[in-house]
Every structure is written in C-alpha cells, then in structure tokens.
Amino acid sequence: MDNTEPQPAELLTVEANGIALACRTWGPPAALPDAPPVLLLHCRGADGADWTPVAEHLAAPPATRRVYAPDLRGHGRSDWPGRYTGEAMADDVRALLAALGVERADVVGHSLGGLVACLLAQRHPAVVRRLVLEDVCAPVPLDPPRPPTPRPAGELPFDWAMVRATDEQRNAPDPVWREHMARITMPTLVIGGGPTSLVPQEQVAHLAGLIPDARLVTLDAGHLVHETRPEEFLAVLEEFLDGRAGARTRSGSGRGSRPSARRGRSRRA
C-alpha cells in the first residue's frame, strides 16, 4: 500500500428491498470506463468498515475506482429485520446497486459475504462483471453438523438472530445453492486462507470446482486474508480485476506482508 493520504468514506443510507441499508463509498462519483465500480461484502459479524484499507487503496490513483461496502442486513447500521436467508441478502445487494445507479460491478465477498456474492451472481448475473470469493466454503451439508455458536456477553453490533439463522443454513444449505453454481459464468477468483484458516481448505477448493473455470489461489493468511496479508491480497485482487497475469492461479505461501492492525478480532465463518 502507498502512503497517499486516503479520502474518508461517505456513509449513505439507502432503502433497498424493503429495508434500510447503510453503505460506505469511496472514490469518484462515477466509475471510469477502464475502472468499473467494486462492491465489497463483509463476513459475518463485521460491517462495511471492515474493508476500509482495501477500499481506500482501490479508490486511490491509479486505480481510482468507485467502491461500495454495505452493511449486510442484521449488521451494523443496516436494519435488523429478523429474516436472514442468503437469498434475502443477495436481493438486498441487487436492490442496493439499482438504487445507487450501478448497472454492473466487480463483486468481492469474504466468508458470509462470499456466499451472498455467489447467490447474487446466480440470481442476478448481469450485475456481476467479475467475482472474487475470499475463504468461502462450498454450500454443502456439514456432517456432523456444526454446534451452535455461543453468544458473547453484552451488546452486539449485529443481530444474534442472524447468527442462529446463518448457522442453520451453513449446516443444511438449500441444495439449489450448490446446483446453481454452474450459473456463475463470469470470471471468478477463489482465494483460500491456507492451513491456518478456520475454514477447511478442501471446502474452499470444492467451491472453486463447482464454478465453471474458477481460479483458485491460496495465501497462507488464515481466514482474514485481506486483513492479515493486505499487500498480497491486493496484488492478487488487482491482477484479477484488471485481467492481468491469470490472477496468479498457482497457490502461494503468502509470506512477507505486514499484518493488519485489526488482526486480533476473531470471527467464525
């Protein structure tokens, strides 16, 4: 990352799919012809601010992209409506893009955000130019099922009903999610977090195998790839979004980058 002073995000509240969604934006008001807008979807328990260093980099010259990072329903400043299906979250994002006047974007999703990105690409393929999935597992039933996530004490920045709902969907996902992976025909990059990730990497590889012509690269970073190894994540991401060098399709060790200052937060996929 360079030392250019980043521009602060603008925080919008947008009515989309019957709820209010908070969305942070960076970069020029309109996308440049050779720099399509980017949509960043966070993991469970985070919010759009999680992407700030990545968004600031993408919005700065020479890339100068318009970047959007919403809080998914049940998270942060967006509404907590009590209904938390993957389909609803994907339709939220589609409605958000329409409300913002974005016809097509490069979409990057981490963990839960990656599942939402997959469903968006399945259900609304015309709005996704390129798709990037960061440490996302294949939507197949878990056997044995994963036990319920224990609730932390105190007030939370997300709806605990969302955690219960997404736990249930992770254990027994709708079979259609897997069956419709073949509908994802836009260029797709899958980034795995390597052996230290809480997501079994065979599940990440399985996901890449379900998507036609998806490319898989592994960075030894754990589940929070874009936070733990930001320089390497951005290098791989920008090569792919720009259509350069085959997106480094070989796996890499991911050694040598400085860790993010926010590495200490623990999240469950």
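Me: How do β1 and β2 run where they are joined?
Reply: This is a predicted model. In it, β1 and β2 run antiparallel and are joined by seven bridges. Within this pair, Leu-11 stands opposite Arg-24 in β2.

Me: And what lies between the two strands?
Reply: β1 and β2 form a hairpin with two residues between them. Asn-17 is in the turn and has a positive phi of about 55°. Most residues other than glycine have a negative phi. As for accessibility, Asn-17 counts as partly exposed, at 39%.

Me: Which other residue has a phi near 55° without being glycine?
Reply: Ser-111 has a positive phi near 55°. Ser-111 lies in the loop between β5 (105-110) and α3. With a relative accessible area of 6%, Ser-111 is buried.

Me: Back to the sheet. What is the strand order?
Reply: The order is β1-β2-β4-β3-β5-β6-β7-β8, an open sheet of eight strands with mixed pairing. β1 (10-16) and β8 stand at the edges with a single partner strand each, so one side of each has no neighbour in the sheet. On average, neighbouring strands are turned by 25° against each other, direction ignored.

Me: Which helices pack on it?
Reply: Helix α2 (residues 86-100) packs on the sheet and touches β1, β2 (19-26), β3 (38-41) and β4 (67-70). The direction of α2 makes about 110° with that of β1. Helix α6 also packs on the sheet, touching β6, β7 and β8, and its direction makes about 175° with that of β7.

Me: How are β6 and β7 joined?
Reply: Four bridges join β6 to β7, and the two strands run parallel. Val-132 stands opposite Leu-189 in β7.

Me: Which residues of α6 are buried?
Reply: In helix α6 (residues 201-210), they are Gln-203, Val-204, Leu-207, Ala-208 and Leu-210. Seen down the axis of α6, these residues fall within an arc of 160°, so they line one face of the helix. Glu-202 and Gly-209, on the other side of α6, are exposed.

Me: What covers that buried set?
Reply: The cover includes the helices α3 (112-123), α4 (160-171) and α5 (175-179). It also includes the strands β6 (128-134), β7 (188-192) and β8 (215-218).

Me: I also have Val-136 selected. Where is it, and what does it touch?
Reply: Val-136 is in the loop between β6 and α4, and is buried at a relative accessible area of 4%. Leaving aside neighbours within four places in sequence, Val-136 is in contact with Gln-203, Val-204 and Leu-207, and also with Gly-109, Ser-111, Gly-114 and Leu-115. The C-alpha atoms of Val-136 and Val-199 are separated by 7.5 Å, although these residues are 63 residues apart along the chain.

Me: Last one: is Asp-167 buried or exposed?
Reply: Asp-167, in helix α4, is buried, with a relative accessible area of 9%. Not counting residues up to four places away in sequence, Asp-167 touches Arg-44, Arg-146, Pro-148 and Thr-149.

Definitions and conventions. Residues are numbered from 1 along each chain as its sequence is written. This is a predicted model: local features need pLDDT of at least 70, side-chain atom pairs count only at pLDDT 80 or more; totals for chains, interfaces and linings use all residues. Side-chain values use heavy atoms; hydrogens and water are left out. Buried means under 20% relative accessible area, exposed over 50%, partly exposed in between (1.4 Å probe, protein chains only). The arc is that of the directions from the helix axis to the C-beta atoms. Contact means heavy atoms within 4.5 Å. Two strands pair if DSSP finds at least two bridges between them. Axes are lines fitted to C-alpha atoms, for helices over the stretch in contact, and angles run from 0 to 180 degrees between N-to-C directions.
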